[in-house]
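Please have a look at the sequence and structure first.

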Amino acid sequence: MKDVNIIPLFVIIPLLTAFLIALLGKTIKNFSEKIIVASSSLLLAFSLYSQILLRHTPLKTLVYNVGGWLPPFGISMVLDGLSSFMLIVVNLIAFFVAVYSLSYMEKYTDKPKFFTLFALMVSGLNGVIVTGDIFNLFVFLEIASIASYALVAFGTQAEELEASFKYTIMGTVASSFIFLGIVFLYGFASTLNMAHMASVLNSKLSIWLLPFVSVLFLAGFSLKAAMVPFHGWLPDAHSSAPASISAMLSGVLIKTLGIYAMMRIFFNVLGITQAQLSILMFLGSLSIITGAILAFSQWDFKRLLAYSTISQVGYIVLGLGLGTPLGIFGALFHLFNHSVFKSLLFLNSGAVDYAASTRDLRETGGLNKVMPVTTKTNFIASMSISGIPPFSGFFSKLIIIFACIQKGHIGYGLCAVIGSILTLIYFMKLQKFVFLGELKDKFKQIAEVPYLMRFSMICLAAICILAGFLLLPALRPFLDRASDVLLGGTNYAAAVMGAALR
Amino acid sequence: MSLYILCMILFCIGIYGVLRKRNLVKIIIGLAIMGYSINLFLVLLGYRFHGRAAIEAETQDILSMVDPLPQAMALTSIVISLGILALVISIAIRIYEKYGTFDITKIKRLKG
């Protein structure tokens, strides 16, 4: 098999899985469970293999031309350092969430439908990551979004429907802004291929188009990534969805649809300017502080985690907005860490909900006596997200704060430090009210969750502890290759064109 | 040029509907109008005066053709918005079953 033929498989495998489950899931017993685990482990293996492929590729870029049409005429799929990094993040979390859902989704009625939508969402996410065509990016973004709108409403209780409606409206408005931006870019550059578009925009100057399109994209992707003025839908959607879906939404969906797509378009296609970087920094630090303060007063386990997501995504955006090599490196490292520990925390909330049937912090307490695995993994994730050494979150936050100080933005660095302290405080509150203290009588009988759920939580906790080793020189290329793509800016065009014609 | 401005006004009407209306169905209509205005804008971008469809014919010389790519994109976008509208209308019907109203000021069990 030629190397580049691996790229379309990231979209084909989950699409095929969704199709097969929809077709045969009802008739063959346990079919959906088997095939979803098989396909997500296959995807994880392929995404790890893509790292090895990139190491042996001279330009660090692989391009697959769909149907054999060379760019700029055909659709191209691009695998470079950043795509490979994001593929690993998405498929790692998707694999563990799929394994977790096998047990967790027992309490919902229709497992095959759930896994169909889940596989569709994964295919949309992978499609957004590997595509090199800006209209294709919009289509995959909509596939992932529609699947997630339906998954938020999966329980069809009143609250879930309300959250899903809100999420759908906001998500669709965001998509409309993004699509309008794409239409304007097409009207100006007369091309849809992102690499070709970057080179056209470089040579054909315009004073009004780029700022206008940037505002449209910024509004659209900020809505998708739930940065603070645009965050209204996130706490409802993430706290009402089934826990495994909250883990996917918080862990990878808002990062892929919001942050990855924004990075790709702003850094690689439009070519980022200082004004845009300043806006990103401001939005990032606003999100850090506002998210942390709002998380503080929550009494619902998942709602607290949802506000915490807003705050942590702020760190990633702040790091990106710095625009320095250290800042971008820290942002990508925090993206990886956050997707691991936030999905672990949501899986923990699902475990508490599964065993104790409540998410209200005022009702729970003392669960460490009956649920030891959940307690320990939750402790690791909480310490990691609050930035306690030697857990992974410490290193990424430290790098972002260093980058702020190195660039001379002491105020933003201070915001990051305060946000981290607030994070520690509200996770202490979580620990105290859920796991420590008196065990209430009605919870004496509950047992630890089934072994598949424990397996996912333990593996993610192990990654939380070990992720600090990604900074070692032997493993650093994993992050370095991703940040090189962003630092290269519009050199993306030359790299993709060179790789496509080879 | 005035056609493009009219498209943008249509887009703004859609946003107004989403932002200001209290009824779930009217919000959905606002969303639909936003989608239509973008599709219209896209097709207008590809239009050329006295242009014809981009199909080669042996007997005649083609002087100006419309751009076929926006038409394909508009079709894709129409299908996507059809999917979203079907989903969001079915959610609205389920909400009506649970809450007994379409008024968003009365649908507020989630807060905090």
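## Ground rules

This is a predicted model, in which local features need pLDDT of at least 70 and side-chain atom pairs count only at pLDDT 80 or more, while totals for chains, interfaces and linings use all residues. Residues are numbered from 1 along each chain as its sequence is written, chains are lettered from A and ligands numbered from 1 in the order in which they are written, and side-chain values use heavy atoms, with hydrogens and water left out.

## The largest pocket

The largest pocket has a volume of about 560 Å³. A pocket here is an open set of points on a 1 Å grid over the protein atoms alone, with protein on both sides within 12 Å along at least five of seven lines, and lining residues have an atom within 4 Å of a point. Its volume is the space filled by probe spheres set on the points, which are joined across faces, edges and corners.

Of its 24 lining residues, Lys166(A), Ile169(A), Met170(A), Val18(B) and Ile104(B) are the closest to the centre. Helix α6(A) gives the most to this lining, with 7 residues; helices are DSSP runs (H or I, at least four residues), numbered from the N terminus. The lining divides into 18 nonpolar, 1 polar and 5 charged residues, where Ala, Val, Leu, Ile, Met, Phe, Trp, Tyr, Cys and Pro count as nonpolar, Asp, Glu, Lys and Arg as charged, and the others, Gly among them, as polar.

## The largest cavity

A cavity is a set of grid points where a 1.4 Å probe fits but cannot get out. The whole structure holds 3 cavities of 30 Å³ or more, and the largest contains about 190 Å³ of space. It is lined by 16 residues, of which 8 are nonpolar, 7 polar and 1 charged.

## Salt bridges

How many salt bridges are there over all chains? The count is 15, taking a side-chain nitrogen of Lys or Arg within 4 Å of a carboxyl oxygen of Asp or Glu. One of them joins Lys166(A) and Asp236(A) at 2.4 Å, N to O. This pair links helix α6 to helix α9 (residues 234-240) of chain A, 70 residues apart. Asp236(A) is buried at 2% relative accessible area, whereas Lys166(A) is partly exposed at 33% (buried is under 20%, exposed over 50%, partly exposed in between, with a 1.4 Å probe and protein chains only).

Note on methods
Helices (H or I, at least four residues) and strands (E, at least two) are DSSP runs, numbered from the N terminus.
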